[in-house]
Amino acid sequence: MKILVTGGAGFIGTNFVHFVSREKPDWTVTVLDKLTYAGRRENLSALEASGAVRFIHGDICDPAAVSEAMEGAGLVVNFAAETHVDRSIQAPSDFVRTDIEGVRVLLEEFRRIGGRMFVQISTDEVYGSVESGYSREDDPLRPRSPYSASKAGGELLAMSFFHTWGVPVVVTRASNNYGPWQYPEKLIPLFVTNAFEGLELPVYGDGLNRRDWLYVEDHCRAIARVLEKGRPGSIYNIGSGQERTNLEVTEAILELTGADRSLVRRISDRPGHDRRYALDVSRAEAELGWRACTDFEEGLAATVEWYRANEPWWREIKSGRFREYYMAMYSERLRESRERGR
Ligand code: NAD
Ligand code: TYD
């Protein structure tokens, strides 16, 4: 079986490619990745060197690159996306391009070659902020950030290919992932690496926003189940049920890294900050026989150990253009917060 993994040099894609190489040694894996700021080819270098993975440097919006990468593929898993909410607020254009138009290009090629299954990786953020209860797959979509609106566009387009032409598409909506190889702009890797560096931990607003935290390995297992058992035309929520406030996550990170509590800084909030996401995963349990099995405290400890053991990986990222992003995103808000003495 040939599988194309787009965005395979990013966080979840890297974990998934390693997972597939381990669990499905008879599959042939091609990765198509544009290597944006978030993509790192070296994550896959051992697999490339052993011949387990073929890497193509290209854009999912480019039909020629997509056609080369998809040749002979029965399975496609589309991870390629712009993914950071804060960046989507600064500059939405790349989000619309990759997360919607890129999906169209992939779907048209997939339809042309008559592939067996196309998995569009979406997000629980398409439901919008859910103050109480748990989102089910048939609930209305109320995305509220340029990121989640673009992801909603991408998954709706994917479903339209199923309804219009019977293209075998499945959509998964996962909750917040954490684990090895996550780019340190997202909450957990940012706070873990800042704690190691003795830098401040910038908590937005009151820190009481809640997320459902999914260990990336559990997510990879879910996608493998979708590829085996998913019903074309279906949507599956993939979450852990382990909700934590951002302050609880911060507290756990302080404990695991031994960093000083005085590093925690409450800064001005993200505009339109979604309060809570929470998923009902009974469909994935019933149809895929999947459930998350990593306890949050256990997964977080493993993640902190990974960042401790892989310091050169994140130090290189944080010393590059990340620094400019960090300054633009945080320095003024941190200064204001220090002045307020919080
Ligand atoms: P990431 O930002 O770490 O990686 C994205 C990857 O896509 C990078 O390797 C990047 O180079 C590549 N890419 C970006 N634009 C591209 C383009 N035009 N053509 C080809 N490659 C391109 O993202 P991630 O956190 O691994 O997320 C992967 C997928 O999972 C995304 O679709 C995201 O929306 C979804 N998702 C993520 C989370 C999460 O918590 N991280 C939760 C739910 C869903
Ligand atoms: P993030 O990792 O950006 O994921 P998402 O916004 O897609 O859920 O953020 C997770 C939560 O952490 C979210 O409520 C915003 C908050 N947050 C902070 O408080 N400080 C930060 O520096 C970051 C990056 C996020």
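Predicted model: local features only at pLDDT ≥ 70, side-chain atom pairs only at ≥ 80, totals over all residues.
A polar contact is a pair of N or O atoms within 3.5 Å; within protein, one atom must be able to donate a hydrogen and the other to accept it, and residues adjacent in sequence count only if both atoms are side-chain atoms.

Residues are numbered from 1 along each chain as its sequence is written, chains are lettered from A and ligands numbered from 1 in the order in which they are written, and side-chain values use heavy atoms, with hydrogens and water left out.

**Entry 1: ligand 2**

I looked up the polar contacts of ligand 2 and found that a polar side-chain atom of His273 lies 2.7 Å from an oxygen atom of ligand 2. A polar side-chain atom of Arg211 also lies 2.7 Å from an oxygen atom of the ligand, and a polar backbone atom of Tyr204 is 2.9 Å from an oxygen atom of ligand 2. On its own ligand 2 has 510 Å² of accessible area, and the protein covers 98% of it; such areas come from the Shrake-Rupley method with a 1.4 Å probe, and for residues only the protein chains shown count as cover.

I then asked which elements give two or more residues to the shell around ligand 2. They are helix 7 and strand 8 (201-204), where helices (H or I, at least four residues) and strands (E, at least two) are DSSP runs numbered from the N terminus. The ligand is surrounded by 19 residues, the closest being Glu125, Arg211, Arg270, His273 and Tyr330; a residue is near a molecule or strand if one of its heavy atoms lies within 4 Å of it. By class I noted nine nonpolar, five polar and five charged residues, with Ala, Val, Leu, Ile, Met, Phe, Trp, Tyr, Cys and Pro as nonpolar, Asp, Glu, Lys and Arg as charged, and the others, Gly among them, as polar.

**Entry 2: helix 7**

Helix 7 supplies residues to that shell, and I wanted to know how many of its residues are buried. Eight of its eleven residues are buried, which is to say under 20% relative accessible area, whereas exposed is over 50% and partly exposed lies in between (1.4 Å probe, protein chains only). Among the buried ones are Ile188, Phe191 and Asn194. After the helix comes Gly198, whose phi is positive, near 70°.

**Entry 3: ligand 1**

For ligand 1 I found 28 surrounding residues, with Ile12, Asp33, Thr83, Tyr147 and Lys151 as the closest. The side chain of Thr83 has an N or O atom 2.7 Å from an oxygen atom of ligand 1, a polar backbone atom of Asn177 is 2.8 Å from an oxygen atom of the ligand, and a polar backbone atom of Lys34 is 3.0 Å from a nitrogen atom of ligand 1. Taken alone, ligand 1 exposes 840 Å², of which the protein buries 97%.

Helix 1 (11-23), strand 5 (117-123), helix 6 (146-165) and strand 7 each supply at least two residues of this shell, and strand 5 gives the largest share, three residues. The shell holds twelve nonpolar, twelve polar and four charged residues.

**Entry 4: salt bridges**

I next searched the whole structure for salt bridges, meaning a side-chain nitrogen of Lys or Arg within 4 Å of a carboxyl oxygen of Asp or Glu, and the search gives 34. Side chains of opposite charge can pair when their charged atoms come close.

Arg87 and Glu185 form one of them, at 2.7 Å from N to O. Arg87 lies in helix 4 (residues 85-90) and Glu185 in the loop between strand 7 (176-178) and helix 7 (187-197), so the pair ties together parts that are 98 residues apart in sequence. Arg87 counts as buried at 17% relative accessibility, and Glu185 is buried at 2%. Glu185 also forms a salt bridge with Lys186, with the closest N and O atoms 3.2 Å apart.

Arg335 and Glu339 meet at 2.6 Å, N to O, and being four residues apart in helix 13 (residues 322-340), they are separated by about one helical turn. Here Arg335 is partly exposed at 35%, while Glu339 is exposed at 59%.
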